[in-house]
Amino acid sequence: MTKTPIHLWIVGILSLIWNAGGAIDYVMTRTNVADYMASQPADRLMMLDQAPLWFGATWALGVLFSVIGALLLLARSRFAGAAFALSLIGLAGSSIYTYGIADGGSMVAAAGTAAIIFTIAIPVLLLLQWVYARAMTRRGVLR
């Protein structure tokens, strides 16, 4: 078995922190925490209120498997790549609604540069996590 490189722990911990942020947003939104919901833009609340059931399911899939992927990465499991792949599928599904059907792109643009950067960072970082997990599996670091 290959020795665990220090970058695996760094990437794993950063991945877990990043993905936990998405999980917190999901849980706070789905449990309708009053203070959290009051801090959200009205356009987002309206979009979420009108969202179909499949949007919620794909959002949950994306969030859940991104956290599982990070945990599996830290556990040195070869299944981390599969978890990140499932998360990408969930993200794709929720993005179809958010940016295709509900026109969330206009909401993001109206929210400003930081929102645009964050919106781009989510799929880019998730894709990089998937690529990294696959590379670590091929190198024998994940078992």
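This is a predicted model: local features need pLDDT of at least 70, side-chain atom pairs count only at pLDDT 80 or more; totals for chains, interfaces and linings use all residues.

Student: Which residues form the nonpolar patch on the surface?

Tutor: I6, W9, I10, I13, L14 and I17. Together they have about 610 Å² of accessible area.

Student: Where is I17 found?

Tutor: In helix α1, which covers residues 6-30.

Student: Why does I17 count as exposed?

Tutor: Because its relative accessibility is 57%, and exposed means over 50%.

Student: New topic. How many aromatic pairs does a search of the whole structure find?

Tutor: Five. One of them is W18 with F118. Their centres are 5.4 Å apart, with 50° between the planes, a tilted pair.

Student: Which parts of the chain does that pair link?

Tutor: Distant ones. W18 sits in helix α1 and F118 in helix α7 (residues 113-138), 100 residues apart.

Student: And how do W18 and F118 count for accessibility?

Tutor: W18 is partly exposed at 28% relative accessibility. F118 is partly exposed too, at 48%.

Student: How far apart are F55 and W59 in helix α4?

Tutor: Four residues, so about one helical turn separates them. Helix α4 covers residues 53-74.

Student: Are F55 and W59 buried or exposed?

Tutor: Both are buried.

Student: Which residues form the aromatic cluster?

Tutor: F55 and W59 again, along with Y26, W54 and Y97.

Methods
Residues are numbered from 1 along each chain as its sequence is written. Side-chain values use heavy atoms; hydrogens and water are left out. Patches are made of residues with over 30% relative accessible area and no salt bridge: like charges are joined within 9 Å, nonpolar side chains (Val, Leu, Ile, Met, Phe, Trp, Tyr) within 5 Å. Accessible areas come from the Shrake-Rupley method with a 1.4 Å probe; for residues, only the protein chains shown count as cover. A salt bridge is a side-chain nitrogen of Lys or Arg within 4 Å of a carboxyl oxygen of Asp or Glu. Helices (H or I, at least four residues) and strands (E, at least two) are DSSP runs, numbered from the N terminus. Buried means under 20% relative accessible area, exposed over 50%, partly exposed in between (1.4 Å probe, protein chains only). Rings of Phe, Tyr and Trp (its six-membered ring) pair if their centres lie within 6.5 Å; planes under 30 degrees apart count as stacked, over 60 as edge-to-face and the rest as tilted.
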